[in-house]
Amino acid sequence: MTQYVSKAVGIDLGTTNSAVAVMNPTDTDIVIHKGGMNARTTPSCVWRNPGNGELVVGRKAFARVGSEPEPITSVKRLMGSRRTVTLAGEERTPVEISAEILREMKRQIEEDVAEFDTPDVTWVVDRAVVTVPAYFDQPQIDATRKAAEAAGLRVVDLLHEPTAAASYYCWRTGTRDGTFLVYDLGGGTFDVSVVRCKAADFRVLGISGNTMLGGDDIDTALARHLQQLIQGDDWAMDLDLENDAEDRLRFRRLKSLAESVKKGLSNSEEFMLRDSGGLTDKEGQRVVIDTVMERAQLEKIARPLLERTFQYCDEALDQATREAGVTLADVDQIILAGGSTHLPLVREMVRSRLCSPAPGSPAPDGPRAKCTEPVYEQVDTVVALGAAVRASAVGGLDILNEERTVRVGFRGTVVTAADRTVVGGTVEALDPDLDLTGGSVRLSTEEYEDEAQLKPGGSFAFTRIPVQPDAQSLLTIEVLDADGELLATVGRAVVHDREAGAKPVGNPVRAAINAKPILLEVSREGRTEREELIPALRSLPFKERYDFSHPGDTDTVEFRLYQQARQIQVITVPVPSSTPRGTVIDVDVEMDVHSLITVRGSIGDHPFEALVEVPPEAELPSEAQVADLTRAFEQGVEFLAAGEKSVKKAKMEMAHTAFTDALARGEKAVAGHEFEQMQAIADSVGKPEDGALQPPRADFEELVKDCGQLNRYVATISAKTEAPHDEREIAAAVEVQREQGERALSAGDQRSYSEVITQLQHIFDHLRTVAYRHQQENEPVAPADVAASRLQSALEMLAEVRRLVQASRTATAQHRQDVEDIGQRLAGLQSLIAQDPNRVQQEAAQERQRLIQVKSIITPGSRNEPGGGVLPEALNRGPRR
Ligand code: ADP
Ligand code: MG
């Protein structure tokens with residue numbers, strides 16, 4: 001009997017490099033594919049030979065970097081977007097390019113599994129666990145799954161890269177319990193996760209990272225440094241990356257050169273740079289470089305980029321603390337992954353920031369992980385190795401009969417330490433003519449036979465199969481249809497090994513989670529809000545029902561899904577045009593274990609399937625948008641406590657710098673991503689008082705009311721004195737501002753709101769001046785009364801500012817002192833009212849002005865105080881008659 005056996009493989013589909021591995025037939029060891037020169041990774045690089053049209057993937061394609069036509073690199077950065085790349089003049093999607101890479105990985109590991117073949121068993125590769133950065137958005141994950149399917153691989157699981165790295169560590173060391181921080185710095189991405197393993201089951205507790213930060217950025221920075229060196233030697237190297245394609249190629253070569261310098265400096269303190277790798281300057285002269293680069297120079301360049309990674313570590317740890325009370329002090333091991341962790345500086349920084357000091361060293365300045373060193377093992381392949389461990393645990397074995405008409409999927413491992421074992425799985429007909437309904441499975445060994453009915457979905461289980469001690473037992477499984485007709489026969493081995501279980505492969509529990517919160521944009525009472533639909537770290541699948549009321553006057557209703565600041569999906573729901581406004585729309589949103597989102601629902605009695613689409617790529621932001629975002633952030637951040645404020649500010653600054661740098665380099669994808677990071681940071685600052693604008697609505701309403709009353713008052717006194725006053729015009733102007741203010745409030749638009757407040761204040765000031773003039777002309781007030789009134793309102797202001805200073809987080813000791821000094825001076829004025837009313841009038845007004853200044857510092861955006869000491873008490877009461 002010949003049969004086909006499919007074992008799921010593990011693939012790390014990296015931005016820069018990919019790797020593939022599989023566990024051996026007895027699940028005792030991992031086989032990682034080795035290519036030419038024993039390379040365990042394959043560049044994620046695709047090129048089409050213009051000569052013969054041949055598609056080249058991997059090392060040979062990578063060798064074409066820096067020459068025309070350029071190969072495609074870092075396509076992972078485009079996954080989930082609508083952007084395309086050009087391959088030999090043809091537009092291709094990131095999914096198609098990734099599928100080519102995956103096809104190559106499949107082909108590679110097929111060479112290795114062929115080694116397991118026996119005369120009657122042929123091993124095939126058609127299923128895989130593919131890893132994705134934990135920080136991937138839903139559309140990015142979705143695109144990865146599609147790429148795997150296009151490459152002819154069934155996706156057994158999409159595993160987070162850090163979980164894969166932790167799985168490998170646990171498998172290798174036989175650890176069943178532990179808390180890990182995985183620090184994965186690759187070529188293009190930085191990913192950090194806090195992962196807990198309990199009874200060989202993994203849970204992600206905190207995630208952070210940046211899909212646009214990695215060794216590549218170090219190469220870019222170093223390439224710029226080299227460019228300066230070369231220019232300093234008078235070569236024509238003033239490159240115009242934005243407009244000149246040849247210059248872009250020159251810079252690519254410089255980057256390749258920089259990468260080799262960087263790698264060289266990982267192993268030695270100095271690197272002799274003699275060969276310019278065929279680099280020519282703008283005048284076509286071959287550049288000759290002869291210099292020695294020192295590790296310290298590289299480290300100076302790399303340090304600021306690496307610095308940024310620790311903020312993400314803090315973020316992941318903060319999340320783990322909120323999620324499970326886990327802090328850095330609970331972390332047992334820091335696991336390094338990714339090629340960039342070969343940099344000694346990375347390991348040094350990780351050690352000094354995150355690990356406990358070696359015994360005898362000074363105490364650290366904060367909490368530290370329990371280990372004194374990070375785990376630095378197989379960093380280039382640890383993710384693929386972990387994926388293989390996972391593939392074995394969840395993928396089991398699929399066996400196809402000789403005719404390839406029936407596929408039997410077995411779950412669980414092949415090795416057991418017990419003397420009886422469980423064998424369960426599912427039967428699937430590959431030939432549409434076969435009918436398994438009502439069928440059964442017969443299992444036999446040399447001394448045992450049993451039969452089980454197929455359950456719906458084709459599943460079956462045998463629970464107490466005896467196995468031969470310390471040997472391999474062969475099981476024969478026959479699939480029969482409802483009439484007892486034999487449809488297929490497959491064989492499977494079970495190995496008895498008393499030592500089995502020493503190396504846990506992890507429970508076949510899916511660790512699928514949703515990394516970043518998914519938000520739904522809803523419009524409520526004319527106000528657009530984003531509500532959390534799927535929270536961060538929620539395990540998948542996730543299903544929830546929402547209801548909305550139909551806005552009326554439309555035949556499609558759109559829901560927009562966001563993942564943090566990024567719009568990920570537009571859901572269009574067709575609604576019959578006759579649907580009355582207010583009809584309830586029920587929506588079931590589901591996210592499956594592969595992060596696939598489906599939306600179903602009903603409007604009244606009408607069920608619908610919504611169309612879920614990836615929205616068009618956001619355009620790069622305009623300068624005004626960037627300025628708006630920065631302003632909103634700066635306003636919001638002022639309301640945070642000092643520590644948090646400086647952290648957020650530093651983060652924003654780094655993201656902003658990365659954004660402008662990327663713009664300058666013409667790397668639009670990176671710039672767009674960094675802008676999203678900026679948006680996420682700005683969002684995380686939040687608006688003061690849960691989205692309320694400053695000053696509070698009550699102040700705005702009062703100002704409107706004051707303007708109205710003062711307007712009517714001025715109108716009455718103007719009528720008496722026959723002075724000109726256009727009450728209606730002013731009332732209309734106030735009304736216009738009131739409407740705009742309402743709109744700004746509901747849109748959460750601080751900028752327009754502030755303008756409205758300023759306008760209203762102008763109106764108020766104007767009315768007040770007019771009223772005051774009338775007052776002076778018609779009912780002169782005694783100077784002592786004016787003085788008393790001004791002092792009174794200064795004292796009222798003093799009381800208010802004192803309260804604010806006490807409650808404010810932004811007020812400093814200096815502010816408090818200032819307020820107290822003013823209080824002293826005001827108290828001194830009291831006895832002078834009768835003696836020197838003019839001086840009291842003047843000084844009380846000045847002190848009041850000082851108080852207003854303090855107030856505006858500690859509560860930014862608050863309006864300048866109208867009224868007060870400028871008006872005599874009588875007039876202040878006037879408008880309210
Ligand atoms: P990815 O996960 O993005 O595919 P990898 O984990 O393969 O990336 O890491 C690739 C990055 O590692 C590249 O930026 C490469 O320059 C860097 N790298 C590889 N080896 C070394 C080394 N010895 N020293 C420093 N950096 C290295
Ligand atoms: Mg990687």
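Residues are numbered from 1 along each chain as its sequence is written, with chains lettered from A and ligands numbered from 1 in the order in which they are written. In this predicted model, local features need pLDDT of at least 70 and side-chain atom pairs count only at pLDDT 80 or more, while totals for chains, interfaces and linings use all residues; side-chain values use heavy atoms, leaving out hydrogens and water.

An open sheet of mixed pairing is built from six strands in the order E10-E1-E19-E20-E22-E25. Strands (E, at least two residues) and helices (H or I, at least four residues) are DSSP runs numbered from the N terminus, and two strands pair if DSSP finds at least two bridges between them. Four bridges join E10 to strand E1 (residues 3-7) in the parallel sense, and tyrosine 4 has threonine 122 in E10 as its bridge partner. Helix H9 (residues 382-395) lies across E1, E19 (397-400) and E20 (406-411), at about 110° to E20. Contact here means heavy atoms within 4.5 Å; axes are lines fitted to C-alpha atoms, for helices over the stretch in contact, with angles from 0 to 180 degrees between N-to-C directions.

Strand E35 (residues 584-591) is largely enclosed by the rest of the structure, because six of its eight residues are buried (under 20% relative accessible area, 1.4 Å probe, protein chains only). Strand E32 (residues 542-549) runs antiparallel to E35 and is joined to E35 by eight bridges, with phenylalanine 542 partnered by methionine 591. E35 also pairs in the antiparallel sense with E36 (residues 597-603) over seven bridges, where aspartate 586 stands opposite serine 602. The hairpin of E35 and E36 has five residues between the strands, and serine 595 takes a positive phi near 65°.

Around ligand 1 there are 18 residues, of which Thr16, Asn17, Glu259, Lys262 and Ser266 come nearest (a residue is near if one of its heavy atoms lies within 4 Å). Helix H6 (245-267) and helix H5 (215-232) each supply at least two residues of this shell, the largest share, four residues, coming from H6. An oxygen atom of the ligand is 2.7 Å from an N or O atom in the side chain of lysine 262, and a nitrogen atom of the ligand is 2.7 Å from an N or O atom in the side chain of serine 266.

Technical notes
Buried means under 20% relative accessible area, exposed over 50%, partly exposed in between (1.4 Å probe, protein chains only). A polar contact is a pair of N or O atoms within 3.5 Å; within protein, one must be able to donate a hydrogen and the other to accept it, and residues adjacent in sequence count only if both atoms are side-chain atoms.
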